[in-house]
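Subject: Structure handover

Hello,

The structure is below, followed by notes on what was found in it.

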Amino acid sequence: IRSLLLFKEGDPWDPALAAESERLLRATGFLNPVHIYAKPVAEGVEVFVETRDQWTLELSINYGRMGHRQKAGVSISEQNFLGWGKTVFLDARSDPERDSITAGYSDPLFLGSRWRLSAAHREASDGTADEFSLAYPFYSLATPKAGGIVYRRESLVEYLWASGKKTVSGDTLRRSLLVWGGLRLPGDGEVTRRLTAGFFAERAAFSRWSFRTGAFYPEPEDRELVGFQVGFESQSSRWEVVQGFRGWIRQEDVPLGPNYSLTLGFSLPFLGGDRTRLPYQASFFKAGMGPGWYRWLSLGSEGRLERGGVADAVTRLEAGVAQVGERGFRVRGAVELGHRLGLDRQLTLGANTGLRGWDPDTFDGTSRAVVNAEWRRRLTGEVLHLAVLGLVVFADAGKTWGARVGPDTDGWRADAGVGLLAEVTRAAILRVVRLEVAYPDRGKGPVVLVTGVSLF
């Protein structure tokens with residue numbers, strides 16, 4: 001805990017650094033709630049850091065269900081290994097795509113420094129995957145410089161879905177390497193601006209793609225990108241600590257912004273790329289906090305500029321409002337627009353993407369939109385020191401268009417349902433288990449969902 005604080009004995013007392021230190025401690029996942037405050041003494045102030053560690057050793061049997069699709073697994077993880085804040089985990093799972101075993105390690109204070117190390121390896125029924133990262137991050141708003149290296153490799157079978165079933169499959173090999181560095185620009189304490197630059201290499205290779213029936217499906221185009229990238233980001237120091245947004249008991253840090261970023265890459269043939277490509281990523285986020293309400297707006301886009309136009313691009317807009325506290329309304333609307341998507345990508349709609357009355361990946365598309373409305377209420381206190389229970393009543397509506405391998409929604413589809421929510425108060429991370437039953441406006445019977453992933 002002491003190593004994560006942004007101040008030490010002898011420093012001038014700064015309430016802003018104390019608030020940011022609270023956020024860093026809560027970001028570990030297993031420290032919540034967190035309160036840092038100071039009391040005057042003869043020669044300055046005495047600082048108190050009060051927190052509570054949650055259960056960090058988890059041996060669990062995982063089960064999830066969304067309509068006819070189920071997933072199950074067994075995992076053991078320790079998120080505060082030997083009390084040092086390190087994470088080790090072993091996860092074995094089976095889902096509709098594959099069976100896999102993953103082992104990983106994460107160290108946010110590598111060798112007692114601010115360097116962060118993480119590594120993971122996965123053995124799957126259809127391939128393997130590896131990930132490694134070593135970085136000195138912008139761990140606080142005042143951090144003057146940062147940098148690191150990230151490597152990923154994945155060799156798996158990928159699928160396109162329609163009507164809740166695997167429709168297209170093919171072998172895919174992906175490799176990526178990023179070496180980057182960044183500097184904090186001079187400015188006031190309200191807004192932090194940073195410049196980043198780096199070298200990247202990405203490769204995607206595809207083979208043996210076809211419809212599962214054996215019918216012909218055009219092979220996605222291989223890609224080779226090698227070059228340099230530059231980025232700019234602006235982050236506001238405005239945050240709000242709330243309870244009753246996703247869960248009821250845990251403190252949550254919600255950003256207010258405005259925050260925005262832009263990264264542009266240059267992949268050129270003389271550096272090793274297959275042709276001139278300019279990959280880009282852009283994002284914008286702004287939120288507001290009124291009496292009992294949290295409102296947010298986010299916009300993001302990613303893709304590539306090549307051959308005189310935009311390719312493999314997805315632009316996303318989301319807006320929402322949520323009443324925080326023990327009960328209230330929540331509404332979210334999101335739209336994702338695809339433009340010249342690669343043949344290995346799709347934007348499906350179903351229970352896994354917010355339309356809870358249909359099985360996951362029921363409707364195919366290259367663009368989609370969804371609206372969710374909920375009313376929820378806390379029902380109990382902490383039951384057996386394990387969970388807080390609540391009730392939710394909801395309705396969803398959504399549509400897809402630009403389908404290529406299966407049916408789209410043919411206009412708007414809707415559903416309505418009820419559910420039971422359980423905030424697991426002893427978990428190391430904020431986890432709300434949802435047991436929901438949704439009835440579609442068309443189709444056969446209800447869809448049952450059991451999942452620990454928050455919808456929004």
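Strand E12 (residues 223–236) gives eight residues to the lining of the second largest pocket, the largest share. Strands here are DSSP runs of E of at least two residues, numbered from the N terminus. A pocket is an open set of points on a 1 Å grid over the protein atoms alone, where a 1.4 Å probe fits, with protein on both sides within 12 Å along at least five of seven lines; lining residues have an atom within 4 Å of a point.

This is a predicted model: local features need pLDDT of at least 70 and side-chain atom pairs pLDDT 80 or more, while totals for chains, interfaces and linings use all residues. Residues are numbered from 1 along each chain as its sequence is written, and side-chain values use heavy atoms, without hydrogens and water.

The second largest pocket holds about 1,400 Å³ of space, the volume being that filled by probe spheres set on the grid points, which are joined across faces, edges and corners. Its lining has 47 residues, and Arg152, Glu202, Gln229, Gln281 and Glu302 are the closest to its centre.

The largest nonpolar core has twelve residues, including Phe285, Tyr294 and Trp296. Such a core is a set of buried Ala, Val, Leu, Ile, Met, Phe, Trp, Tyr and Cys residues joined through side-chain atoms within 4.5 Å, buried meaning under 20% relative accessible area (1.4 Å probe, protein chains only). Strand E16 (278–290) and strand E17 (293–306) are the elements that give two or more residues to this core. Apart from it lies another core of ten residues, among them Ala18 and Phe30.

Regards

How values were computed: Helix = DSSP H or I, 4+ residues; strand = E, 2+ residues; numbered from the N terminus. Buried < 20%, exposed > 50% of the residue type's maximum accessible area, 1.4 Å probe, protein only.
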